[in-house]
Amino acid sequence: MSNHGGSYMLNAVLELLEENDIFKMIGKAKTLELIKGIIKISHREDCNTGEILEDIGERLGICYYCLNYAENLEYGLCPECQ
C-alpha cells in the first residue's frame, strides 16, 4: 500500500519550488540531485515516485522510473524505461 497523501504532498511542494523559480536558480544538475534526495527520503515513507513527479517530472524532463533527464517522456517515462 502506497502513501498517496505523502506522495501528492511532495508533488505540491515540488510545484511550489517550480513556481518560485528555485529549479532555474539552482540549475539542472542540482535540481536532479534535489529530486533524487527527496525521492530517497520518500521511499522510507512508502511514497510513490510516479505520484511525486506527476506532471512536474515531464515539465522538468525527469523520468519517474530511472530518475534521469530525458527527452520525449511519455506518461512520465523515458524511451528506455517505457
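User: How exposed is Asp-21?
Analyst: Asp-21 counts as partly exposed, at 36% relative accessibility; that class lies between buried (under 20% relative accessible area) and exposed (over 50%), with a 1.4 Å probe and protein chains only. This is a predicted model, where local features need pLDDT of at least 70, side-chain atom pairs count only at pLDDT 80 or more, and totals for chains, interfaces and linings use all residues. Residues are numbered from 1 along each chain as its sequence is written, and side-chain values use heavy atoms, leaving out hydrogens and water.

User: Which residue does Asp-21 form a salt bridge with?
Analyst: Lys-24, with the closest N and O atoms 3.8 Å apart. A salt bridge here is a side-chain nitrogen of Lys or Arg within 4 Å of a carboxyl oxygen of Asp or Glu. Lys-24 is exposed, with a relative accessible area of 70%.

User: How many salt bridges are there in the whole structure?
Analyst: Four. Among them, Arg-59 meets Glu-18 at 2.7 Å, N to O. Arg-59 lies in helix 4 and Glu-18 in helix 1, so the pair ties together parts 41 residues apart in sequence. Helices are DSSP runs (H or I, at least four residues), numbered from the N terminus.

User: And what network is Arg-59 part of?
Analyst: Salt bridges link Arg-59 with Glu-15 and Glu-18. The Arg-59 to Glu-15 distance is 3.7 Å, N to O.

User: Switching topic: which residues of helix 1 are buried?
Analyst: Gly-6, Ser-7, Leu-10, Asn-11 and Leu-14.

Conventions: Helix = DSSP H or I, 4+ residues; strand = E, 2+ residues; numbered from the N terminus.
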